[in-house]
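Have the structure open while you go through them.

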Amino acid sequence: MATAEKPVMVVGIDDSEQSNYALEWTLDHFFAPFGSNPPFKLILVHAKPTPSSAVGLAGPGAAEVLPFVESDLRRIAARVVEKAKEFCATKSVNDVLVEVMEGDARNVLCETVEKHHASVLVVGSHGYGAIKRAVLGSVSDYCAHHAHCSVMIVKKPKIKH
């Protein structure tokens, strides 16, 4: 008898506190309690910006710095991936696929959902107000409207003083 494949859960990761919290929350609620038989196949994805988008409109001479920017972006991506793998290991979640894709996080996450036919996409929330969200855009808002699966936006609780 053939076993059915598990549904796929994609978690967006970056170097932010909110992303780390979303990963921790997801592992604690969907993976660690189930031991070696979690209900989902876990895929972590990091969107590495393109060097030109990181430099922006730097003007003349920008081409000379692009190799250095690319090197830094690769180093950051490696650090994000390593930290996420270590965190998964501390929660005894070892069966995890990690991908680094170049591009804007909004598009990368939605493309990863499509590629893996994911059932759930998990993203952290930075908790921007309306003005910051309008200026900077919201990855979670974009994904909630454009991803072809359920989107779970994990918010870190605010500490009450």
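**Notes on the fold**

1. Start with the crossover: β1, α1 and β2 form a β-α-β unit that is right-handed. Right-handed here means that, with the strands pointing away from the viewer, the path from the first strand over the helix to the second runs clockwise. Helices (H or I, at least four residues) and strands (E, at least two) are DSSP runs, numbered from the N terminus.

2. Some housekeeping. This is a predicted model, with local features needing pLDDT of at least 70 and side-chain atom pairs counted only at pLDDT 80 or more, while totals for chains, interfaces and linings use all residues. Residues are numbered from 1 along each chain as its sequence is written, and side-chain values use heavy atoms, with hydrogens and water left out.

3. Overall, the protein has six helices and five strands, and along the sequence they follow the pattern β-α-β-α-α-β-α-β-α-α-β. Of the 161 residues, 35% are buried (under 20% relative accessible area; exposed is over 50%, partly exposed in between, with a 1.4 Å probe and protein chains only). Take the contacts (heavy atoms within 4.5 Å) between residues at least 6 apart in sequence: 74% of them join residues at least 24 apart.

4. In what order do the strands of the open sheet come? The order is β3-β2-β1-β4-β5, with parallel pairing (two strands pair if DSSP finds at least two bridges between them). At the edges sit β3 (96-102) and β5 (150-154), each pairing on one side only. On average, neighbouring strands are turned by 25° against each other, direction ignored. For angles, axes are lines fitted to C-alpha atoms, for helices over the stretch in contact, and values run from 0 to 180 degrees between N-to-C directions.

5. Now β1. Six bridges join β1 to β2 in parallel, and V10 stands opposite I43 in β2. β1 also pairs with β4, again in the parallel sense, over three bridges; there M9 has V120 as its bridge partner. Why is β1 described as largely enclosed by the rest of the structure? Because six of its six residues are buried. In a regular strand the side chains alternate between the two faces of the sheet. In β1, V8, V10 and G12 are buried on one side, and M9, V11 and I13 are buried on the other.

6. α1 lies across β1 (8-13), β2, β4 (120-124) and β5, and runs at about 155° to β1. Helix α4 (residues 105-116) lies across β1, β2, β3 and β4, at about 135° to β3.

7. On packing, the largest nonpolar core has 17 residues, with V11, L42 and L44 touching the most other members. By nonpolar core I mean a set of buried Ala, Val, Leu, Ile, Met, Phe, Trp, Tyr and Cys residues joined through side-chain atoms within 4.5 Å. β1, α1, β2, α3 (62-90) and β4 each supply at least two residues, and the largest share, four residues, comes from α1. Another core, of 16 residues, lies apart from it and includes I43, A47, L109 and L121. Leaving aside neighbours within four places in sequence, the contacts of L42 include M9, V11, L27 and F31.

8. Is H46 buried or exposed? H46 is buried, with a relative accessible area of 5%. H46 sits in strand β2, and its bridge partner in β3 is V100. The two strands β2 and β3 run parallel and are joined by seven bridges. Beyond neighbours within four places in sequence, H46 is in contact with I13, D14, A77, V80, E99, V100 and M101.

9. Finally, the aromatics: a search of the whole structure finds two aromatic pairs. F30 and F40 form an edge-to-face pair, 5.9 Å centre to centre with 75° between the planes. Rings of Phe, Tyr and Trp (its six-membered ring) pair if their centres lie within 6.5 Å; planes under 30 degrees apart count as stacked, over 60 as edge-to-face and the rest as tilted. F30 is in helix α1 (residues 17-31) and F40 in the loop between α1 and β2 (41-48), 10 residues apart.
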